[in-house]
Amino acid sequence: MKCPKCPGTDLEAVGLPFRDRSIPGPDETAGTLEVDLCASCGGVWFDKNELDRYLDSAAKPLPPMAKAVDRAQDAKAGLCPRCNLPLAKKPLPSNPLLSADCCAKCGGLWLDAGELERAAGKDLPFAERLKAAFSGV
Ligand SMILES: [Zn+2]
Ligand SMILES: [Zn+2]
């Protein structure tokens with residue numbers, strides 16, 4: 001799949017660790033969610049319901065000042081990497097200050113760099129885990 005915002009750049013599959021409540025066991029049971037990351041712009045693609053599943057498992061309250069979102073990157077129009085259709089800006093239910101680029105056809109959505117951290121909240125260990133997950137890319 002190609003990055004919606006970087007023409008010609010391939011997305012790379014990355015496994016994000018998260019607490020998976022669908023796996024019986026103690027709270028910290030780890031699951032891995034496969035998402036597609038752009039190493040160039042730092043944006044992440046979630047297929048339908050993946051972001052909800054992720055936030056549902058790992059969500060914490062939002063930080064007052066998380067890593068800034070690049071507004072210019074956010075404002076760029078993108079095409080769905082699966083359907084090749086224009087993505088529509090929609091506020092995220094978990095943080096209406098953020099707009100994700102959503103595909104009306106497949107239900108996938110794109111978060112620009114910095115948006116996932118803000119969507120997921122201020123759990124620093126979580127942010128560190130994210131960085132660790134992305135640092136090998
Ligand atoms: Zn990109
Ligand atoms: Zn699509």
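Predicted model: local features only at pLDDT ≥ 70, side-chain atom pairs only at ≥ 80, totals over all residues.
**View 1. Lys2, in the segment before β1**. Strands and helices here are DSSP runs numbered from the N terminus (strands: E, at least two residues; helices: H or I, at least four). Lys2 is partly exposed because 19 other C-beta atoms lie within 10 Å; on this scale 20 or more means buried, 12 or fewer means exposed, and partly exposed is in between, with C-beta atoms placed from the backbone. Beyond its neighbours within four places in sequence, Lys2 is in contact with Gly8, Thr9, Asp10, Leu11 and Pro81 (contact: C-beta atoms, placed from the backbone, within 7 Å).

Residues are numbered from 1 along each chain as its sequence is written, with chains lettered from A and ligands numbered from 1 in the order in which they are written.

**View 2. Strands β4, β5 and β6**. Here β4 (residues 88-92) pairs with β5 in the antiparallel sense over five bridges (pairing: at least two DSSP bridges). A two-residue hairpin links β4 to β5, and Lys90 faces Ala100 in β5. Strands β5 and β6 run antiparallel, joined by two bridges, with Cys102 opposite Leu109 in β6. Look for Gly107 in their six-residue hairpin: its phi is positive, near 80°.

**View 3. Around Phe46.** Setting aside neighbours within four places in sequence, Phe46 is in contact with Val35, Leu51, Gly108 and Leu109.

Definitions and conventions. Contact = placed C-beta atoms within 7 Å.
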